[in-house]
Each structure stands twice: as C-alpha cells, then as structure tokens.
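Hi,

Here is the structure I promised to pass on. Have a look at it first, and then read my notes below.

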Amino acid sequence: MKPVQRVYLREVASGLVLTARHFFVNMGRHLAHALGRTEARGAVTIQYPEERRPYAPRLRSLHRLVRREDGSPRCVACMMCETVCPAHCIYIVAGEHPNPDIEKVCTEFTIDLGKCVFCGYCVEACPEDAIRMDTGILEFSSYSRGGMIYTKETLLSLEPAGPDGKPRSPVPIPADRTP
Amino acid sequence: MPKLTIDGRPLEVPPGTNLIEAARRLGIEIPHYCYHPALSIAGQCRLCVVDIEKVPRPQVACNTVVAEGMVVHTETERVLETRKSIMEFHLINHPLDCPVCDQAGECWLQIYYMKHGLYDPRMVDEKVHKPKAVPLGPHVILDAERCILCSRCVRFCDEVTGTSELGIFHRGDRSEIGLFPGQELANKYSGNVVDICPVGALTDRDFRFQVRVWYLDTQKSICPGCARGCNIEVHVSRRRVHHAEGRRVVRLKPRFNEAVNKWWICDAGRYGSAFVDGDTRLQAPARRDGEKTLEVAWTEMIPLAAGRLRGYRADEIGILASPKLSNEDLFLLRRLCDALGVGAVDYRVPPARPGDEDDFLIRADKNANTRGAELVGLGGADSRAILAAARERRVKCLWIFCHDLLASAWPEGEVLDGLLGAETVIFQGTNANPTSAYAHLVLPAAAYPEREGTWTNFEGRVQRFRQALPPLGRALPDWEILGRLLQEVQGAPRPARAEDCFRDLAATVPAFAGMSYRSIGDAGQLVQTARP
Ligand code: SF4
Ligand code: SF4
Ligand code: SF4
Ligand code: SF4
C-alpha cells in the first residue's frame with residue numbers, strides 16, 4: 001500500500017463526494033416532485049420493521065398446512081412434496097385418518113426450514129392443495145438449528161397473509177427459540 | 001412348431017403358445033391386466049387386443065394360440081385406438097385415489113395410462129361407489145372401487161390354492177370383488193393376491209401407508225423361512241429413515257424361479273422379516289461378567305473368544321451349529337473345528353412342535369440350509385449328547401449358533417442344566433433369545449439381508465442371497481466372524497468376501513465341485529449329487 005493511501009484522506013473525501021451526490025440528486029428529485037413534476041421520484045426510507053414495502057402476490061414465504069373444515073390437515077401424506085423437495089427437508093409420517101372416506105393423513109409433518117431453499121416445488125407438487133407458501137411471514141430467524149424446525153401443529157396454525165400481503169399470524173416462536 | 005410373424009419379425013414357438021407369450025419372446029410387450037401365465041385365461045380386460053391379418057376384427061392375444069403362417073400386428077392404428085378406449089373404460093368408475101393408494105408408483109393403471117391412454121376423460125356422471133378399505137383377512141385389504149375386475153385374485157384362490165374364498169358379485173358396473181359369506185382370505189398363500197392384483201385394489205395390511213414404493217431399494221434374496229428356499233426380492237427403505245417406524249426391511253416379494261417357487265411365496269415367509277429390525281437384534285459383541293454385561297470391540301472379542309476356545313482341550317468343546325447358517329459359514333466352521341480338533345459338532349436341534357407342511361411350497365423343516373449342513377460334512381456328533389456332556393461337565397465350552405434351546409423339543413430342565421453346567425457359553429446369532437441370556441460371550445451376526453451367502457435347499461439347489469443393507473450396529477456376517485477366529489487360531493489369512501469362502505468350499509467339498517457364484521446365478525444350481 002502506498003503511503004498516500006495509508007492516510008485514507010483521499011478515500012474519505014471520495015466517500016463524502018458520493019454521499020453528497022446522492023443527497024443532492026435525491027433532494028433535486030423531491031423538489032421537482034413537489035413542484036409538480038410527478039414522474040420524478042427520489043429515494044425514500046421505509047421504517048422497517050414497522051413499515052414494509054408491499055410484497056409481490058406470488059411471493060413464497062413461510063409454509064403453512066391448509067386445514068379442512070374440521071381442522072384436520074388437508075394433507076393426505078401422499079409424499080409428493082417430500083419426494084420432490086430438492087433439499088430433502090420435509091419429513092412426513094403417514095397414518096390412518098379417523099374419517100374412513102379420507103383414509104390417509106399425516107400424523108407428523110415437519111419442515112426443516114434451515115435446509116429449505118424456498119423453491120416452492122412442494123406447493124407445485126401437492127395434488128390436494130394442502131401446502132402453501134402464502135403466510136407472508138419472512139422473519140423466522142433463530143438462534144438454534146432446532147428453532148428452524150417447524151412441526152405439523154405450528155404449520156397448521158398459520159393463516160394466509162391478508163389482501164395487503166401482511167401476515168395475519170404472528171411469527172411462530174418454537175419453544176426452544178430463546179433470544 | 002408353428003412359424004408366425006409378429007410386427008414383421010418371424011419366429012417359431014411351440015404349439016399352444018398364446019400370442020402374449022410369443023410376443024414376449026421377441027421382447028414385444030402386449031399390455032394386459034387379466035392374463036397371468038400361472039392362471040387360466042379369462043379374457044376379461046380386453047387390453048391385449050392385436051390385429052391378425054385375414055381376421056376382420058382385433059383379437060385378444062391372451063386367448064389366441066399361435067397358428068402356422070399367422071401374421072400379427074401389435075401397433076396398428078386400430079389396435080392403439082382400441083387400447084386407448086379400453087383404458088378409458090377401465091378408468092370410468094375408478095376413484096383415482098393415487099395420493100392415498102399404496103399401489104401408486106407400481107400401478108399398472110398408471111403405467112398403461114401413460115403408455116396407452118393419455119385421453120381426455122369424458123366421464124361427467126357421478127362415479128359408482130363401492131366399499132373401501134375392507135380387510136379380507138389377516139394380511140390383505142380390499143378397495144373395491146379401485147378394482148378393475150380382472151379376476152386374477154379369484155382365479156388364484158380357485159386354481160392355485162384351491163380355497164375359493166373370493167368371488168365377483170353383482171352385475172355390470174356394480175360388480176365387485178368380495179368374500180363368499182362366512183369366508184376369510186386366510187389361506188397360507190393369501191399375500192400373493194396382492195402381487196398379482198395389477199392395481200391398488202388388494203394391498204398388504206402390514207405395508208399400508210408405511211413407505212411410498214419409489215423410496216424402496218430392492219435386492220435379490222432367498223426366503224430363510226423353510227427348506228424350500230423360495231426366491232424373493234427384499235425391499236428395503238433406506239432413503240427416508242423416518243418412514244415405516246424406522247424399519248429397514250419393509251416387505252418381501254416373490255421372485256420368479258421356475259424350478260423352485262414359480263411366482264409365489266407363502267405368507268409365513270412373506271410376513272416373516274420382522275426379526276431383521278426387531279428389538280432383540282444383537283448389535284455389539286458383549287461379554288458377561290457376573291451379572292454385568294459389557295460391550296467390547298471386535299478387536300478385543302476375537303482374541304477373547306479364540307483364547308477361550310484354545311484354553312480347553314478339544315474334547316471339552318461342544319458346538320451346536322445351525323442349519324440357518326450359510327454354506328460359507330458352515331464350511332469355515334468346519335475348518336475351524338478341524339484346526340481346533342473339535343469333534344463334538346452338530347447342527348440338529350428338534351423344534352418343540354413339528355413344522356407345518358403342504359404339497360405346494362411349505363416344508364416342515366423351518367431351516368433354510370439343513371441340506372447344506374449335511375453336505376458340508378459338519379459334525380456327526382449328536383447335539384443332545386453334546387448338551388448332556390455339558391451337563392456332566394465333560395464339555396466345558398458350549399458354542400451355540402442361533403438356536404433357542406429353551407424353545408426346542410428337549411425338556412427345559414435338561415437344557416438349563418447343560419447351559420449352566422458349561423464354564424463358557426458362546427452364543428453367535430442375529431437376535432437375542434432366552435438361550436443367549438445364558439451366554440458368557442455374545443457374537444452378533446448379520447441377518448441375511450445384511451450379507452452375502454448361499455443356502456442349499458432341500459432338493460440340493462444352491463441359491464445365492466445378496467446384501468441389501470449394511471449390518472445393524474456392529475454385527476458381522478457369520479463367515480467374517482468365523483474367518484477372524486480362524487485367523488486368530490491358525491494364523492491363516494481370512495477370506496475377504498463370502499465368495500472366497502464359497503470358492504474354497506467348491507474346491508474342497510465334492511458335492512459343490514465346479515460351482516461358483518457366477519454359475520449359481522439368479523436361478524440357483526443343483527449340487528452334484530442332486531443332478532439328474
Ligand atoms: S420450498 Fe422447496 S426446499 Fe422448501 S420445503 Fe418446499 S420443496 Fe423443499
Ligand atoms: S404433497 Fe400435499 S398432500 Fe402430499 S404429502 Fe405433501 S402436503 Fe401432503
Ligand atoms: S389403483 Fe392405481 S390408478 Fe388407482 S388409485 Fe391406486 S395407484 Fe391410482
Ligand atoms: S381385486 Fe385386483 S386382482 Fe382381484 S379382480 Fe380386482 S383388480 Fe383383479
């Protein structure tokens with residue numbers, strides 16, 4: 001490194017110029033907008049997480065299991081999603097459904113979101129429309145790997161996002177997810 | 001022999017051959033549901049239609065025998081159109097339950113729809129509903145809606161088992177398969193109807209919802225259940241360990257062998273694989289020290305066991321080998337006995353109750369390799385005398401393979417005195433049993449799907465079983481345990497593979513002369529003495 005670079009002064013100055021240029025360009029756009037040129041738009045700051053940009057309608061967010069009217073899962077444990085999942089992160093155990101007309105149901109349905117790549121193939125593959133990725137929930141980080149494992153009960157309790165794309169269910173907090 | 005042409009290719013077949021079999025010889029598959037080579041011709045499904053020159057209408061191939069000069073076409077436009085329409089008929093009332101149907105993935109409706117159907121369904125009416133999930137017997141469950149009324153199951157019960165439990169009831173599209181009143185599908189071969197049912201109408205109760213079939217791996221094997229040695233396929237679930245409650249061997253299916261079991265196996269064999277993943281499996285070599293049982297490493301156990309065997313005079317050792325061991329195991333045991341000079345070896349332990357037998361497949365001898373043990377030339381002593389010698393303290397080291405002596409025909413007191421009389425009891429086997437509880441050294445052996453080997457069936461047919469799984473825990477194949485012991489006792493290099501043991505066996509024992517794993521192949525090979 002050259003001595004002149006070691007002082008960093010030139011770098012500090014060029015950084016300041018960049019920031020200043022963004023500031024003034026955006027100020028110019030906001031002024032133009034205020035003065036009637038509506039197509040001019042400056043950058044805005046969104047107060048995340050209180051405020052959010054609208055999500056795209058086809059966004060793939062946290063999975064949920066769709067319920068039947070009696071609250072049991074629509075899932076018939078056909079294993080299509082488990083088979084298609086490229087991350088091998090779905091674990092289903094099949095059992096008899098109490099209703100003999102339905103016959104088969106998942107007794108356990110676990111997704112390891114730590115492995116999920118959010119490809120949405122599971123939703124595509126499902127012949128029963130039993131799994132969807134429409135909760136609008138994106139923040140489910142965890143301090144432990146165990147905290148990323150979502151069980152059938154949690155996945156069944158989730159609601160689809162509202163028409164504005166905002167989640168209607170609180171982010172599920174697994175028991176072992178302690179901050 | 002009549003000469004005919006199928007799809008432009010000439011061939012000559014014995015008179016009386018039907019067109020499905022004739023085409024099969026050319027590698028041409030004529031689709032069919034109801035035809036089965038072991039059963040009478042029904043001509044129910046109409047899917048096997050072909051065009052024959054000079055015959056005005058398409059003919060069913062299953063019920064048309066070859067004739068001199070016949071010219072057959074299996075792929076004309078008319079045949080393809082007919083197949084498609086017949087597929088549509090078969091599926092008119094079909095519930096399309098595939099997501100919950102255990103047959104999905106190996107279903108001939110799915111396969112033939114993709115190959116010969118692919119039409120747009122025109123069925124707008126409500127489908128006819130029929131009983132679902134009806135248990136027919138201890139092993140088989142029926143879904144009458146999925147049935148395509150091919151009548152294979154009915155003909156099986158009429159013609160193969162002669163028990164006639166099943167029939168087709170009602171008329172037209174209300175026809176359904178069912179049991180005759182007061183009957184139950186409980187014959188000794190009932191599981192075979194699941195195999196021959198081309199759709200998901202008849203499925204296994206013990207396999208219901210366990211594993212999807214596309215997760216299964218298969219390996220050629222031999223049923224260990226009796227001296228017949230039926231050829232089987234072992235289906236193992238290794239890819240998704242949380243399925244089938246963690247069991248690895250999830251089902252056994254028959255494998256065709258003209259000379260042994262044809263297409264069939266009995267229910268006792270088919271549903272008898274639970275011990276492989278059972279709770280009683282021995283998983284680690286163990287040494288009993290007073291009341292405590294200590295697990296030890298093989299590197300410790302082999303010198304320990306060899307030391308015990310060498311520590312006694314040859315006439316103080318008694319060995320109860322097992323007719324469940326493979327030819328390779330028995331041959332190595334014979335070499336070990338020769339090395340130690342042990343003469344008190346036998347493999348015969350009478351069962352408490354004589355096994356059931358019939359004139360079809362089931363043999364009274366419930367051991368897979370009694371004939372092999374005879375031919376390998378093991379022992380010559382009398383097993384009961386060995387036990388008596390242990391009771392009288394003349395035999396101090398008792399080495400027992402697999403047997404549960406406490407469940408044998410011998411009086412319990414006699415067995416207990418023998419087991420308690422011996423200073424050292426070595427038990428080698430796959431599963432713990434009441435006898436193994438008396439062992440001082442336990443050598444865990446791999447079960448048959450976990451290893452290679454050969455058994456000799458009662459007719460003298462040597463048949464190979466192959467490895468489908470790694471051994472559970474630290475179990476080792478019997479030949480490997482015996483090879484290590486032989487190495488320890490004799491310093492001889494130990495065989496690296498079961499095949500090496502078999503090569504030595506073939507070179508030493510005249511009955512097996514000239515045989516190899518390659519010559520045994522998939523169909524088995526008769527030993528010299530049994531050849532016509
Ligand atoms: S989104 Fe993709 S990776 Fe995630 S569970 Fe579904 S199929 Fe698997
Ligand atoms: S594909 Fe749908 S019905 Fe099948 S197991 Fe997955 S969620 Fe259940
Ligand atoms: S029988 Fe075949 S086509 Fe019918 S539901 Fe079962 S898998 Fe599907
Ligand atoms: S139950 Fe199966 S084998 Fe029996 S008639 Fe129906 S489809 Fe054929």
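What distance separates the centres of domain 1 of chain B and domain 3 of chain B? Taken over C-alpha atoms, the centres are 52 Å apart. The bounds, which come from an automatic or database domain assignment, are 3-90 for domain 1, 108-277 for domain 2 and 286-530 for domain 3 of chain B.

Before you go on: this is a predicted model, where local features need pLDDT of at least 70, side-chain atom pairs count only at pLDDT 80 or more, and totals for chains, interfaces and linings use all residues. Residues are numbered from 1 along each chain as its sequence is written, chains are lettered from A and ligands numbered from 1 in the order in which they are written, and side-chain values use heavy atoms, with hydrogens and water left out.

Now to a pair of helices. The axes of helix 8 (residues 327-340) and helix 13 (residues 498-508) of chain B come within 9 Å and cross at roughly 65°. Helix 8 of chain B is therefore roughly perpendicular to helix 13 of chain B (65 to 115 degrees counts as such). Their contact (heavy atoms within 4.5 Å) includes Phe331(B) and Leu332(B) of helix 8 and Phe502(B) and Leu505(B) of helix 13.

Around ligand 4 (a heavy atom within 4 Å) you will find, among others, Cys147(B), Cys150(B), Cys153(B) and Cys197(B). The residues surrounding ligand 3 include His94(B), Cys98(B), Cys101(B) and Cys107(B). Val199(B) is listed around ligand 4 and also around ligand 3.

Best wishes

Conventions:
Axes fitted to C-alpha atoms, helices over the stretch in contact; angles between N-to-C directions. Helix = DSSP H or I, 4+ residues; strand = E, 2+ residues; numbered from the N terminus. Parallel < 35°, antiparallel > 145°, perpendicular 65-115°, else oblique.
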